[in-house]
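These notes are meant for a colleague who is opening this structure without having seen it before. Please keep the sequence and the model in view while reading the points below.

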Amino acid sequence: MGGDTRVFSPFVDPHELRAQFPVLGRVAYLNAGTDGPLPARAVQAAGEELEREARDGRAMSHFERRSELARELRSAYAGLLGCERSDVALTTCTSEGIAQTIGGLGLGPGDEIVTSDEEHPGLLGALGAEQQLRGVSVRAVPLVDVAGAVGPRTRLVACSHVGWVSGLEAPRELAQLDVPVLLDGAQGVGAVEVDVGALGCDAYAGAAQKWLCGPDGAGMLYVSASLRERLAVSRRGYVNLADPDAGIDARVHDDARCLDAFSLSAETLACAVAAVGVLAEAGWSAVHDRARNLAALLAERVQESGRELAPRGETTLVSFSSADPAAERVRLAQEGIVVRNIPGRPWLRASVGAWNDENDLDRLLQALAN
């Protein structure tokens with residue numbers, strides 16, 4: 001089936017895109033839900049920055065270069081999220097953006113946060129801090145029910161845009177809520193189309209290293225202007241201060257830069273910019289369509305093979321039953337097929353990107369049959 005392109009978008013050359021990722025020459029890499037494959041161009045961009053630093057030192061021109069890369073990356077992320085550049089903070093990961101947002105609300109006893117029962121530790125950690133340190137009530141319901149679970153004490157809904165366990169999507173009814181909505185977009189941005197306005201969310205946190213195929217240590221946070229007005233920014237330093245030379249009276253930026261991570265290296269920024277560029281050149285609509293179609297095909301064939309599918313949406317994640325997920329993951333890795341197991345669940349998860357092809361799917365299916 002390797003030559004069958006019936007699930008491919010006519011606007012992306014699958015062979016050209018695939019050739020950008022060296023790891024795909026060795027293994028069937030189906031793990032972008034953890035970390036996506038790095039394109040060679042991104043590795044080169046990071047290397048060039050390090051070489052420049054070694055050659056020229058790190059004085060004023062170095063910091064100007066970092067600022068230039070930050071502006072470029074912020075613009076790219078804003079385009080992906082469908083918002084203004086001024087509404088995007090640059091973070092180190094999804095979890096940082098989540099923690100900044102939840103912690104900045106200043107909730108306390110009597111307040112409630114509604115979440116789902118299939119959230120990632122990156123969100124659960126911030127929720128646990130609110131519960132344990134501030135006495136906030138946290139109520140978990142199935143992801144499809146989060147909108148309907150809002151009550152008079154609810155001050156925030158915090159849940160996944162795309163669930164990391166199975167690929168279910170957050171309900172559209174969230175856009176109609178009067179309380180703020182924070183979406184964990186780790187499995188969303190880069191994998192599926194994101195429009196924060198259409199989603200109706202007040203905050204959206206995402207990562208560079210997953211579906212955007214960038215480096216570890218970079219991410220993004222969209223926060224609406226109305227929610228930013230309510231957030232207390234307790235973590236302050238040179239980067240997120242509008243007038244850092246004002247000393248103790250310095251103020252934070254009045255846009256999303258007030259939530260920026262304190263330090264993102266030039267090599268990290270350059271790697272992230274280049275990785276986004278590789279996918280942007282292929283066309284985001286085509287990238288999204290191709291990945292979703294390949295994932296749907298894999299889900300269909302996994303089910304036909306007799307494995308039970310976890311409930312899923314029209315996303316890029318396919319989770320399925322395994323008698324011993326951890327052991328089977330190790331066996332598959334030894335055979336050159338990279339997936340992951342879901343802790344505490346009887347499932348393996350395949351993350352299907354536009355860079356994959358049907359040969360990758362075939363290799364996984366044949367290995368599962370052994």
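How do the residues of the lining of the largest pocket divide into nonpolar, polar and charged?

1. The model is a predicted one, and the question concerns its largest pocket, whose lining divides into 15 nonpolar, 4 polar and 8 charged residues. The volume of this pocket comes to about 700 Å³.

2. In the largest pocket, 27 residues form the lining, and those that lie nearest the centre are Ser 67, Ala 70, Arg 74, Val 239 and Asp 260. Two or more lining residues come from each of helix H3 (60-81) and strand E2 (88-91), and H3 is the element that gives the most, with 8 residues.

3. The second largest pocket has a volume of about 550 Å³ and is lined by 20 residues, with His 161, Glu 169, Ala 170, Arg 172 and Leu 199 nearest its centre. The elements that contribute two or more residues to this lining are strand E6 (181-184) and helix H6 (196-199). Sorted by class, the lining of the second largest pocket holds 12 nonpolar, 2 polar and 6 charged residues.

4. Most residues other than glycine have a negative phi. Cys 213, although not a glycine, has a positive phi of about 60°.

5. Is Cys 213 buried or exposed? Cys 213 counts as buried because its relative accessible area is 0%, and the cut-off for that term is under 20%.

Notes. Residues are numbered from 1 along each chain as its sequence is written. This is a predicted model: local features need pLDDT of at least 70, side-chain atom pairs count only at pLDDT 80 or more; totals for chains, interfaces and linings use all residues. Side-chain values use heavy atoms; hydrogens and water are left out. On a 1 Å grid over the protein atoms alone, a cavity is a set of points where a 1.4 Å probe fits but cannot get out, and a pocket is an open set with protein on both sides within 12 Å along at least five of seven lines; lining residues have an atom within 4 Å of a point. Grid points are joined across faces, edges and corners, and a volume is the space filled by probe spheres set on the points. Helices (H or I, at least four residues) and strands (E, at least two) are DSSP runs, numbered from the N terminus. Ala, Val, Leu, Ile, Met, Phe, Trp, Tyr, Cys and Pro count as nonpolar, Asp, Glu, Lys and Arg as charged, and the others, Gly among them, as polar. Buried means under 20% relative accessible area, exposed over 50%, partly exposed in between (1.4 Å probe, protein chains only).
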